[in-house]
Amino acid sequence: MMRYGFVMPFGAAADVAEHAVMAESAGWDAIFDWEAVWGDDAWIALTAAAMVTDHIHLGTMLTPIPRVRPWDLASRVSSLDRLSGGRVIVGAGLGALHEGWTAFEADEGRRIRVEKMDEGLAIYAGLLTGQPFAFKGKHYTVKPTEFMLPAPPVQLPHPPVWVVGAAKVGATRQPSLERAAHWQGWLPQVVDGDWRGRPRSPEELSSLTHQLLLMRDDAGLSTEGFDICIEGEFYGAHTGDRDLAAWADAGATWWIEGAWSLEDGQTGQAELRRRIQAGPPG
């Protein structure tokens with residue numbers, strides 16, 4: 001069964017909370033916010049949404065793991081998971097380098113970001129699974145502690161992590177895809193020459209889904225409950241995004257509505273409200 005979420009393309013915490021109420025009433029399954037280096041804080045916005053909703057899931061799309069200290073991430077996620085009664089989803093990726101990032105933090109290079117992402121997610125999961133937990137990596141070291149320990153999250157062993165997994169066309173090794181296969185969900189991308197984006201067709205997703213599920217099987221991991229998330233714009237102009245049954249047949253378990261074409265302003269805000277109130281496309 002396909003489930004449906006949408007990403008807030010703009011809006012402060014109060015706006016996210018207001019739209020979350022609207023979305024829950026309209027039948028959406030999740031609302032997502034994106035993390036900025038400098039801007040409105042996504043976790044505060046999602047906390048505001050949690051306070052005024054009952055069952056809609058709350059997530060990031062996405063969290064740039066290499067630039068977040070993993071114990072800070074574990075603290076934020078577990079706090080919100082407890083507050084919301086177990087409704088948190090973490091969308092995880094390397095993060096797109098842009099002026100809004102490099103204005104404050106130098107690019108450490110892709111290799112370093114990959115290392116920090118792997119170590120950061122391992123620490124996130126380890127801390128939320130419980131003490132004693134120790135970790136020694138290239139970038140982070142964690143020692144066991146019993147100091148003022150928080151309660152465990154509602155979702156055990158930890159709130160689910162959906163990881164960006166990019167498949168390079170023609171490559172014999174797919175480390176990004178393998179990374180995603182070891183978590184609870186996959187945000188699929190395809191890299192083909194200079195082009196990078198989500199799978200270009202349900203057929204392409206189906207082929208990649210087959211590869212990823214084999215990776216989970218090889219790792220001894222169950223495919224039960226593993227989420228495959230396609231982001232598109234059903235309410236936009238791309239008619240190919242409207243064949244949701246084909247995406248579901250290809251393996252997608254979530255449709256994430258990304259209204260990135262809308263601009264912040266009176267017209268864009270009105271259109272965003274209209275799309276949310278229309279309810280999930282399925």
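Trainee: What makes Leu-80 a contact partner of other residues, and which ones does Leu-80 touch?

Mentor: Contact here means heavy atoms within 4.5 Å. By that test, and not counting residues up to four places away in sequence, Leu-80 touches Trp-43, Leu-46, Thr-47, Ala-50 and Val-88. Keep in mind that this is a predicted model.

Trainee: Why is Leu-80 called buried?

Mentor: Buried means under 20% relative accessible area. Leu-80 comes out at 2%, so it is buried. You'll find Leu-80 in helix 3.

Trainee: Why are helix 2 and helix 3 called roughly parallel?

Mentor: Start with the numbers. The axes of helix 2 (residues 42-51) and helix 3 (residues 70-84) cross at roughly 10° and come within 9 Å. Angles under 35 degrees count as roughly parallel, so helix 2 and helix 3 are roughly parallel to each other.

Trainee: Which residues make that contact?

Mentor: Helix 2 brings Trp-43, Leu-46, Thr-47, Ala-50 and Met-51, while helix 3 brings Leu-73, Arg-76, Val-77, Leu-80, Leu-83 and Ser-84. Sorted by class, the contact has eight nonpolar, two polar and one charged residues.

Trainee: And what makes helix 1 and helix 9 roughly parallel?

Mentor: Same cut-off: under 35 degrees. Helix 1 (residues 13-26) and helix 9 (residues 266-277) pack at an angle of about 30°, with axes 8 Å apart. That makes helix 1 roughly parallel to helix 9. On the helix 1 side you have His-19, Met-22, Ala-23 and Ala-26, which meet Leu-272, Arg-273, Ile-276 and Gln-277 of helix 9. Those residues split into five nonpolar, two polar and one charged.

Trainee: On to the strands. How do you know that strand 8 is largely enclosed by the rest of the structure?

Mentor: Count its buried residues. Seven of the eight residues in strand 8 (residues 161-168) are buried, so the strand is largely enclosed by the rest of the structure.

Trainee: What lets you say that strand 8 pairs with strand 5 and with strand 9?

Mentor: Two strands pair if there are at least two bridges between them. Strand 5 (residues 88-93) and strand 8 have three, in the parallel sense. Ala-92, for instance, stands opposite Val-163 of strand 8. Strand 8 and strand 9 (residues 185-192) have seven bridges, also parallel. There, Lys-168 has Val-191 of strand 9 as its bridge partner. Strand 8, helix 6 (residues 175-181) and strand 9 also make a right-handed β-α-β unit.

Trainee: How do strand 9 and strand 11 meet the test for pairing?

Mentor: At least two bridges are needed, and two bridges join strand 9 to strand 11, which run parallel. Trp-186 stands opposite Ile-228 of strand 11. Strand 11 (residues 227-232) pairs with strand 12 (residues 254-258) as well, in the parallel sense over four bridges. In that pairing, Glu-231 stands opposite Ile-256 of strand 12.

Trainee: Why is strand 11 described as largely enclosed?

Mentor: Five of the six residues of strand 11 are buried, so it is largely enclosed by the rest of the structure.

Trainee: Arg-113 carries a charge by class. Is Arg-113 buried or exposed, and how do you know?

Mentor: Arg-113 has a relative accessible area of 8%, so it is buried. Arg-113 is in helix 5 (residues 110-129). It touches Pro-66, Leu-94, Gly-95, Leu-97, Trp-101 and Asp-107, leaving aside residues up to four places away in sequence.

Trainee: And why do Met-148 and Pro-150 count as exposed?

Mentor: Exposed means over 50%. Met-148 has 69%, so it is exposed. Pro-150 has 59% relative accessibility, so it counts as exposed. Met-148 is in the loop between strand 7 and strand 8, and Pro-150 is in the loop between strand 7 (141-142) and strand 8.

Trainee: What makes the backbone of Met-148 worth a look?

Mentor: Most residues other than glycine have a negative phi, and most peptide bonds are trans. Met-148 is not a glycine, yet its phi is positive, about 45°. As for peptide bonds, a cis one joins Met-61 and Leu-62, with omega about 5°. The bond from Gln-131 to Pro-132 is cis too, with omega near 0°.

Note on methods:
Residues are numbered from 1 along each chain as its sequence is written. This is a predicted model: local features need pLDDT of at least 70, side-chain atom pairs count only at pLDDT 80 or more; totals for chains, interfaces and linings use all residues. Side-chain values use heavy atoms; hydrogens and water are left out. Axes are lines fitted to C-alpha atoms, for helices over the stretch in contact, and angles run from 0 to 180 degrees between N-to-C directions. Angles under 35 degrees count as roughly parallel, over 145 as roughly antiparallel, 65 to 115 as roughly perpendicular and the rest as oblique. Buried means under 20% relative accessible area, exposed over 50%, partly exposed in between (1.4 Å probe, protein chains only). A crossover is right-handed if, with the strands pointing away from the viewer, the path from the first strand over the helix to the second runs clockwise.
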